[in-house]
Amino acid sequence: MAGAPAESSTKHNRNPTGRNQHKDCPPKNDSHVTELLYDYQRREIFDKRKISKLLLEEHGIKLSESSVARRRRDLSLYASGVTTRQLPENVKRQLIYTQMARDTSKKLGPRMIKQLIARETGIHLTREYIRKEMLKQDPEGFASRDTSIKRAQTRNSEIEIAVNQLPVQYLT
């Protein structure tokens, strides 16, 4: 007898239309909000506070931070750390290798590869993971992009220019 009331209460929905005290909040199945959340994901905007603020400022949609987080979770929209942990290893590697294969001049670094993957697929991987995989796959190409060498060369050339501009009395 105790099981009967619980069973009947789960079948009865007292608010089937989803109307409640949050009259300004769009319904859960609003395709416009879903498109906007996917757009923010592509643009690498993950912070629920910022998304809530942008929805209100840009589109006049009032959606609380917790509602933004819940809808993103329902749509499986996660930031790079969660995606990198959850995605199978072979899928992550293939995404990186595909972008590396397109870059025949081997000029693109991890940050640019990350952005290209996100723009084309909507999948966000951590820059550190991309860096490690690029280093494993193509160490020579990775070394040719070493920014610390470029920075040192730039500093040396700046010092040479500054020294050449000094008056002769300071050089002796």
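**Exercise 1. Which residues are linked with Glu89 in a network of salt bridges?**

Solution. The model is predicted: local features need pLDDT of at least 70, side-chain atom pairs count only at pLDDT 80 or more, and totals for chains, interfaces and linings use all residues. Residues are numbered from 1 along each chain as its sequence is written, and side-chain values use heavy atoms, with hydrogens and water left out.

Step 1. A salt bridge needs a side-chain nitrogen of Lys or Arg within 4 Å of a carboxyl oxygen of Asp or Glu. The whole structure holds eleven.

Step 2. Read off the network. Glu89 is linked with Lys92, Arg93, Glu133 and Lys136.

**Exercise 2. Locate the salt bridge between glutamate 89 and lysine 92, and classify both residues by accessibility.**

Solution. Step 1. Take the distance: 3.3 Å, N to O.

Step 1. Helices are DSSP runs of H or I with at least four residues, numbered from the N terminus.

Step 2. Classify. Buried means under 20% relative accessible area, exposed over 50%, and partly exposed in between (1.4 Å probe, protein chains only). Glutamate 89 has 34% and is partly exposed. Lysine 92 has 6% and is buried.

**Exercise 3. Find which helices the salt bridge of arginine 93 and glutamate 133 ties together.**

Solution. Step 1. The closest N and O atoms of arginine 93 and glutamate 133 are 3.2 Å apart.

Step 1. Arginine 93 belongs to helix α6 and glutamate 133 to helix α8 (residues 127-137), so the bridge ties together parts 40 residues apart in sequence.

Step 2. Arginine 93 is partly exposed at 31%. Glutamate 133 is buried at 2%.

**Exercise 4. Describe the surroundings of histidine 124.**

Solution. Step 1. Histidine 124 lies in the loop between α7 (110-121) and α8.

Step 1. Its relative accessibility is 1%, so histidine 124 counts as buried.

Step 2. The histidine 124 side chain reaches the backbone oxygen of glutamine 41 at 2.6 Å.

Step 3. List contacts (heavy atoms within 4.5 Å). Beyond neighbours within four places in sequence, histidine 124 touches residues including Arg42, Phe46, Thr83 and Lys114.

Definitions and conventions
Helices (H or I, at least four residues) and strands (E, at least two) are DSSP runs, numbered from the N terminus. A polar contact is a pair of N or O atoms within 3.5 Å; within protein, one must be able to donate a hydrogen and the other to accept it, and residues adjacent in sequence count only if both atoms are side-chain atoms.
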